[in-house]
Amino acid sequence: RISSEHSRMMNDLEKHSEDVLASMREAVIEALETKRRMGHYAVIVEDGKHRRVPAEELGALIAAAKAK
C-alpha cells in the first residue's frame, strides 16, 4: 500500500517534471525565434535523423512547438 507521504512526493515530482518540461519548451521556442529573426538555420532530430531547417521554415516549427 502506498503511503500518503509517498503519494504526495510523487505528485510533487510530477508537478516539478511538468514545470521543467515547460521551461525547456519555452527556451527552445525562444532560441528558434532568435535563429529565425537572424536568418540562421536550426538542426533538429526527426525520426532519429538530423535535419537542417532553413530560417524560412522555422515559423512552422515554432508554431508546432507552441501548440504542444
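The legends below describe close-up views of a predicted model. Local features need pLDDT of at least 70 and side-chain atom pairs count only at pLDDT 80 or more, while totals for chains, interfaces and linings use all residues. Residues are numbered from 1 along each chain as its sequence is written, and side-chain values use heavy atoms, with hydrogens and water left out.

**View 1. The buried and exposed faces of helix α2, residues 58-67.** Helices (H or I, at least four residues) and strands (E, at least two) are DSSP runs, numbered from the N terminus. Leu58, Ile62 and Ala65 of α2 are buried (under 20% relative accessible area; exposed is over 50% and partly exposed in between, with a 1.4 Å probe and protein chains only). Seen down the axis of α2, these buried residues fall within an arc of 65 degrees, so they line one face of the helix; the arc is that of the directions from the helix axis to the C-beta atoms. Ala60 and Ala67, both exposed, sit on the face turned away from the buried side. The buried residues of α2 pack against α1 (4-38), β1 (42-46) and β2 (49-53), where contact means heavy atoms within 4.5 Å.

**View 2. The crossing of α1 and α2.** The two axes come within 10 Å and cross at roughly 165 degrees. Axes are lines fitted to C-alpha atoms, for helices over the stretch in contact, and angles run from 0 to 180 degrees between N-to-C directions. That makes α1 roughly antiparallel to α2, a term for angles over 145 degrees. The crossing is left-handed, that is, the near helix is turned anticlockwise from the far one by less than a right angle.

**View 3. Residues in the contact of α1 with α2.** Arg25, Ile29, Leu32, Glu33, Lys35 and Arg36 of α1 meet Leu58, Gly59, Leu61, Ile62, Ala65 and Lys66 of α2. These residues divide into 6 nonpolar, 1 polar and 5 charged, with Gly counted as polar.

**View 4. Aspartate 47 in the loop between β1 and β2.** Phi of aspartate 47 is near 55 degrees, a positive value in a residue other than glycine. Most residues other than glycine have a negative phi. Aspartate 47 is exposed, with a relative accessible area of 76%.

Conventions
Parallel < 35°, antiparallel > 145°, perpendicular 65-115°, else oblique.
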